[in-house]
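Me: I have a structure to go through today. Could you take my questions one at a time?

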Amino acid sequence: MKFYRLLLLFLATSLSATLYGAAQPTSIGDFALLDHQGKFHQLSWYDDQKAVVIYIQGNGCPIARNGALTLKAIRDDFAGQGVEFFMLNPQPQDDRDSIAAEAAEFNYDFPILLDKSQLVAESLGVDRTSEVFVIDPKTLQVLYHGPIDDRLGYEAQKPEAQNHYLRDALTAVLSGTAVAQGAPEAPGCLISFPARDKYQNTTISYADDIAPILMENCVSCHHDGGIAPWSMNDHKMVQGWSRMMKEVLMTRRMPPGQIDTHVGKPIKDVVEITPEELQMLVYWIDAGAPMGEGEKDPLPELTFSDSLFALGEPDLIYSVPAQSIPATGLIDYRYVPVELNLDEDVWIKAIEFAPGDRKVLHHVIAYLQSPADKSAGGRDEGDGRDDSIGGFAPGRQADVFRDNSGRLIRKGSNLLLQMHYTTSGKETVDETTVGIYLHDKPPKYVMSGGVAGQRRFMVPPHAKEHELEGEMLIEHDAYLYGMTPHMHFRGRYMSYSAEYPDGTSELLLSVPKYNFNWQFSYDLEEPLLLPAGTRLVARGAMDNSAQNPFNPNPEVPVVFGLQTKHEMFFGFNTLRYVGDTPESLGASKIPDKESVSGS
């Protein structure tokens with residue numbers, strides 16, 4: 001019987017290819033999008049699957065709505081066989097809220113990818129809703145493009161389909177045979193592409209359109225002496241890197257530290273490329289990244305401060321012991337003590353780190369050690385129990401305590417720096433410097449720190465989405481100022497929520513794609529009052545699979561630990577408790593800062 005089933009399958013596949021021809025599959029570039037629930041998806045991440053199916057959805061289209069029922073049945077029939085199903089909405093008139101409402105009304109239980117720039121749809125050659133694409137996630141080849149079947153038409157439908165194009169295509173993929181091509185067009189609703197149509201007849205100016213986007217979002221890192229690997233010194237340099245720019249934009253690797261701005265509280269200084277800016281950049285790059293004749297290049301005229309510290313001259317400056325960094329290899333975290341040598345209590349208003357070698361210093365977390373515990377070995381180094389007062393990471397701003405607040409450093413205290421280095425291809429020595437800025441007099445408020453974390457966990461081998469959760473109980477009324485997610489190589493995403501004593505809850509921050517290379521601190525535009533009894537909850541997931549390009553070894557389980565071969569799950573936060581004042585801490589008198597010296 002098995003032989004006859006295989007024979008029938010072969011004949012059916014051959015007949016299908018005969019009926020609607022065969023064609024060479026086309027390739028598309030990798031891309032990443034959020035879905036209507038704010039979850040991050042990247043096409044290449046599904047390369048452990050045999051096929052990815054993308055169905056073009058559009059609000060209000062009756063054919064797309066009707067076809068979704070058939071799509072569900074096909075998904076259920078192919079469950080567990082290595083096929084991932086998505087919808088994709090590129091309609092310019094639909095927004096995230098209306099798409100979510102449509103999904104709820106029609107019971108769509110697929111992730112609906114939000115193609116706000118329409119660039120993914122353009123790369124696929126989308127023309128109408130209800131079109132289906134079958135993609136090989138390993139090769140990024142489009143194996144099939146057409147309708148689900150021939151049941152639906154314009155204002156008409158058959159009782160049953162005679163041709164099951166999508167089922168046949170998936171059957172061919174799973175059996176390792178060629179997918180029949182030449183299927184008819186899908187009978188969906190036409191989709192407008194206003195930006196594409198506009199720029200077909202409009203010249204994009206490098207000087208007037210492109211350079212301002214780069215100066216606003218990119219050049220602060222991409223300049224000589226900056227943290228980026230290449231500098232946007234002029235048009236020629238940008239043009240040479242333009243194809244790479246498109247790749248990192250389409251996969252959302254750049255700009256770094258992206259958050260889901262559709263949800264949560266407003267965050268200060270968010271770097272975000274808008275869909276309109278992304279369209280303009282990609283159209284310009286696809287046209288060869290030209291500079292128009294007679295255009296003046298504004299990039300060479302940019303100047304950057306060579307000051308060691310962005311906040312100006314610190315009151316106290318400390319040199320971190322020089323760290324020798326090899327040319328290649330993985331480097332464990334280093335825990336480096338810094339003697340503050342304070343003989344008086346001080347109130348600090350800011351702390352900033354000046355890296356000695358930006359190409360190798362990945363991040364610093366500064367823990368404050370009290371006079372009672374000066375030794376690095378006296379506590380669990382860097383495990384989230386110590387008091388973090390600031391840090392450094394590429395792209396992260398200096399830590400400034402707002403609203404006339406500060407942190408108290410008792411005399412005799414030290415810093416313990418968790419320092420992480422990456423290699424750059426040549427040996428180097430990093431000599432980082434710490435700058436501390438003091439209040440002239442005690443501040444009005446006391447700033448504190450905390451962590452919603454999880455220390456007891458085990459991430460199984462090959463787990464693609466191992467969920468974790470940690471919480472911090474707010475015991476007294478407090479104002480939340482900022483949040484800093486921290487995981488290692490397997491961190492996938494993290495969010496913060498406030499669960500209030502009255503039973504309500506609120507999503508504060510969502511980082512859909514956590515990236516260990518960018519340890520950002522997200523400061524609220526306005527501090528948020530957390531009443532006593534509030535639970536501040538961090539929720540996230542670890543990716544211990546081979547699809548995670550940062551994963552050192554997907555074959556082994558991962559537990560909590562200090563080094564990057566282990567994992568951490570910490571939602572650090574910055575807050576101040578109502579009622580905490582210098583007087584309440586018995587520290588309302590401080591010496592003149594001119595009498596305090598660092599070394």
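Predicted model: local features only at pLDDT ≥ 70, side-chain atom pairs only at ≥ 80, totals over all residues.

Me: OK, in what order do the strands of the open sheet come?

Reply: The order is S1-S8-S7-S4-S5-S6, which makes an open sheet of six strands with mixed pairing.

Me: And which strands stand at the edges?

Reply: Strand S1 (26-27) and strand S6 (112-114) do. Each has a single partner strand, so one side of each is left without a neighbour in the sheet.

Me: What about S4 and S7, parallel or antiparallel?

Reply: S4 and strand S7 (residues 132-136) pair in the antiparallel sense, over four bridges. As for individual residues, isoleucine 54 has phenylalanine 133 in S7 as its bridge partner.

Me: Changing topic: how many disulfides are there?

Reply: The count comes to one disulfide. It is formed by cysteine 61 and cysteine 189, whose sulfur atoms are 2.3 Å apart; the cut-off for a disulfide is 2.5 Å.

Me: Is that link right-handed or left-handed?

Reply: The link of cysteine 61 and cysteine 189 is right-handed, with 85° about the S-S bond.

Me: Which parts does the pair tie together?

Reply: Cysteine 61 lies in the loop between strand S4 (51-56) and helix H2 (62-77). Cysteine 189 lies in the loop between helix H5 (165-175) and helix H6 (194-200). The pair therefore ties together parts that are 128 residues apart in sequence.

Me: Is cysteine 61 buried or exposed?

Reply: Cysteine 61 is buried, because its relative accessible area is 2% and the cut-off for buried is under 20%. Cysteine 189 counts as partly exposed, at 27% relative accessibility.

Me: Last topic, the surface. Which residues form a nonpolar patch there?

Reply: Met215, Leu302 and Phe304 form a nonpolar patch on the surface. Together they have about 220 Å² of accessible area.

Me: Where does methionine 215 lie?

Reply: Methionine 215 lies in helix H7 (residues 206-217). At 32% relative accessibility, methionine 215 counts as partly exposed, because that class runs between the cut-offs of 20% and 50%.

Technical notes
Residues numbered from 1 in each chain as written. Heavy atoms only, no water. Patch = residues over 30% accessible without salt bridge, like charges linked within 9 Å, V, L, I, M, F, W, Y side chains within 5 Å. Areas by Shrake-Rupley, 256 points an atom, 1.4 Å probe, with all protein chains shown as cover. Salt bridge = Lys/Arg side-chain N within 4 Å of Asp/Glu carboxyl O. Helix = DSSP H or I, 4+ residues; strand = E, 2+ residues; numbered from the N terminus. Buried < 20%, exposed > 50% of the residue type's maximum accessible area, 1.4 Å probe, protein only. Pairing = 2+ DSSP bridges.
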